[in-house]
Amino acid sequence: MLGFFTGYAPASTTETVDNVMLFIVAISVVLLIGVTATMIFFVFKYHRKKGHKPVDIHGNLLLEVIWIGIPTILVLAMFYYGYLGFSQIRYIPEDAFQINVTARMWSWDFNYPNGKKTDSLYIPVGKPIKLIMESADVNHSLFIPAFRIKEDVIAGRTTYLSFAAQVEGRYDIACAEYCGLKHSMMYTAVIVMDEKNFEKWYNDSEDISETQEEVAMAKFEIPSINLLQEKGCMTCHTIDGSEKLAPSFKGIVGTKRIVLTDGVEREVIVDEEYIRRSILYPNADIVKGFAFGMMPTQTYNLNEEELDKVVESIMSIN
Amino acid sequence: MADGNAHVAAKSFYEEGTTKKSTGITSWLFSTDHKRIGLMYLVTITAFFFVGALFGVLMRLELMAPGETIMGAQEYNTLFTLHGVIMIFLFIIPGIPAIFGNFFLPLQLGAKDVAFPRLNLLSYWIYLIGSVLVILSLFMQGGPIDTGWTFYVPYSVRTTTSVSLPLFAAFVLGFSSILTGLNFIVTIHRMRAPGMNFFRMPLFGWSIYATAWIQVIATPVVGITILLVIIERSFGVGIFDPALGGDPILFQHLFWIYSHPAVYIMILPAMGVVSEIIPTFSRRTIFGYTPIAMSSLAIAFVGYLVWAHHMFTSGMSDTSRVIFSLLTYIVALPSGVKVFNWVATMYKGSIDPKPPFLWVMSFVFLFSIGGLTGLVLGSITADIHVHDTYFVVSHFHYVMFGGTGTIVFAALYYWFPKMFGKMYNIKWANINALFYIIAFNVLYFPKFIMGYQGMPRRYYDYLPEFADLQMLSTIGSWIMFATLVSIFLNLYLAIKKGKKAHNNPWGGVTLEWQTSSPPPLLNFDREITVNHEPYDFSQLKELDYESK
């Protein structure tokens, strides 16, 4: 049921939003019942019958003043509470722990100050957090229902979101701005840990992707393809030859294809050089029939070593 | 005047047209008679309404259970886009002005036609061309559009589906809207019967007047925006897409500068109809004529200044969010004034709750829920949570379907006898009203709860915890669709073999009730002069009406 009747508040923002909501809903319910009950009462009381003459009343200035004046006070109060809550939600303490977020179709990357990268958000309980968010492609929106907050992640801009979790646990993160085919599957989680566990996790240099049991992610039998999965390639590309959003990886080495380079069609033969260029400069050559601008450059997503591995994996898929 | 019905009824507009032949398809498609044009809109818009409703039912079927039920994600994304495009651009924006405004505005003003009858026909043709373009776009390379009806950039610039053609269709449809608005403004200024000053004009006219100004002033903005997106898609000019050097927030601003006033294009005419129906069935004058008339203008004006409340989480500056939240609360006030005056009009009336009145009562209840939940969305704090969730979807459907949609039916029940000269089955219509309000709340109320629990909108699939409420909502959609079919079946049978209706079955006093049903080609068989306020029921004893 609705959390706001139980006082269950996993984050500071939960209470803030629930209180404003409760205030507005309470006034609204009174108004709704008032209007509806009066209307139904009048319909019965002044039901048309013989000998009952209607009275023409053209209006009443005092009543007009009352029902403009009182609602004005009510809505200004609603605005004011909303403003107060908003100031709290947007306030960022100076010691806030900053985490960079990159959204892409259809996954999330969280980059920590010490270089750690994850696809779920790990945070310590009680500590103010500031998420600095960018998009690699279209608009998204980072939404944490349990914390009652969201903020759009806008292509070409940097936006932020700030909060402090109060209760340890695992809460859903959803994408709330429509972003195409798998919009509804762009879920991940925020995992709130106590300070000690978080420190341990944060300073653990072990490869994070191995430790993420919480995030359901299909594992492929060939280990090299797991890397493609982790890096987000598999959200659009496939290894089985099906091509819905992007060319498939299956057996592409040595094939000829028509590409558009600066709007001019030309034929290329797929080789290592072509694959490498397509990863770093995806829009330099667009395979005919696919859209320009769909794929962001992977320069920042891959280091030298990873790039070599990714190219190698793609070339090995038959 | 009082003796209007004493004359032998002249030929109705069905028997006498503006074209050479008075029957056959060309006598309709080339007719400049405002009544025939209104009826053509009625037929076309009803057809699109059922297509849109069918798409809604299919979406609800898909969402009946988690996982794939009847279609894939791409089909679902296409379907919710088309549901939005059809319902917004082909049903609810033209809706009441094009059907009932065309048919009844000249009648209520005591005029023979609108100011520019040929322009009026052109508007219909443009509407028809626009709707054909929407249909054509479904079969274009890339498949039907999947951007959502808001066409947000950069997705709409990058998707491979057919975006430019449906966008161009919306551009074309915009001209139909602008020209209709222009026609109505001039009609109201120039065509009122002698003696009818602005404050003797029925309130439906006032609401159409306010709407028409929004149509004329706001629609060009979306037209320009749409052209810019098409140019961006076709020629790679960077306007909105950051990959090309553009700004996606600019698109959102331009889009909502039109699309927020557009929701007042959708609701204001409905409010005008309510102001007609309540006095007629309460048989007393409207309470607060001037406040109701002025609130329409206030809504039209303040409605221009609140667009960015659609963007409270978009990353625009915090100061803008605060200012737009304040302005949004101000625009709620004139709607409140209307509701209070309507209820006050029932006070000391002589109320006969016939079907049009029952539908208006449903409207007051559903629209109040829609309006009050708008207060939640107007608060920057609460909106941060419920924005882009089912809460917004539900709010929008309560306002637009529960508000405007309900009044489309109320207006049909109210004016049907005048339009067709036939009466429908009253008991059947009453039962439909009951089923409608039940179906509506089963279909949409669960979405408020799901929204607050964090169910985002435009989701093909969802978490298992929402399964029960999703199922409930789907059941509501079945009752709703059956009710809609039943409503139109009742009206269709009435046209085919209904009893002949009295010229004034409800005891109305506005001018449309002082001519025959259906009216003659030139509306009245005499010159009209007005020396009463619009809702003066003391004239009723001199008028002919069905007293039962």
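A disulfide is taken here to be a pair of cysteine sulfur atoms within 2.5 Å. In this predicted model, the count of such pairs over all chains is 0, and the cysteines Cys175(A) and Cys179(A) show how that cut-off applies.

**Cysteines of chain A**

- With 0 disulfides in the structure, Cys175(A) takes part in none, and the cysteine sulfur nearest to its own belongs to Cys179(A), at 3.9 Å.

**Domains of chain A**

- Chain A is divided into domain 1, covering 3-90, domain 2, covering 97-211, and domain 3, covering 223-316.
- Between the C-alpha centres of domain 1 and domain 3 of chain A there is a separation of 57 Å.

**Interface of chain B and chain A**

- On the side of chain B, 87 residues are in contact with 83 residues of chain A, and the area buried between the two chains is about 7,500 Å², with carbon and sulfur atoms giving 68% of this.
- Within chain B, the residues that lose the most area to chain A are Arg158(B), Thr381(B) and Tyr452(B), which together account for 10% of what that side buries.
- The interface carries 4 salt bridges and 27 residue pairs in polar contact, counted where both residues are at pLDDT 80 or more.
- Several helices of chain B give two or more residues to the side that touches chain A, among them H3 (73-92), H9 (248-282), H12 (355-378) and H15 (426-452), while H11(B) supplies the largest share of that side, with 14 residues.
- A salt bridge joins Asp352(B) to Arg48(A), and its closest N and O atoms are 3.9 Å apart.

- A polar atom of the Thr13(A) side chain is 2.7 Å from the backbone oxygen of Phe147(A).
- Leaving aside residues up to four places away in sequence, Thr13(A) touches Ile89(A), Phe147(A), Arg148(A), Ile149(A), Ser162(A) and Phe163(A).

Definitions and conventions. Residues numbered from 1 in each chain as written. Chains lettered and ligands numbered in written order. Predicted model: local features only at pLDDT ≥ 70, side-chain atom pairs only at ≥ 80, totals over all residues. Heavy atoms only, no water. Domains from an automatic or database assignment. Contact = heavy atoms within 4.5 Å. Buried area = accessible area lost by both parts, 1.4 Å probe. Salt bridge = Lys/Arg side-chain N within 4 Å of Asp/Glu carboxyl O. Polar contact = N/O pair within 3.5 Å; in protein donor to acceptor, adjacent residues only side chain to side chain. Helix = DSSP H or I, 4+ residues; strand = E, 2+ residues; numbered from the N terminus.
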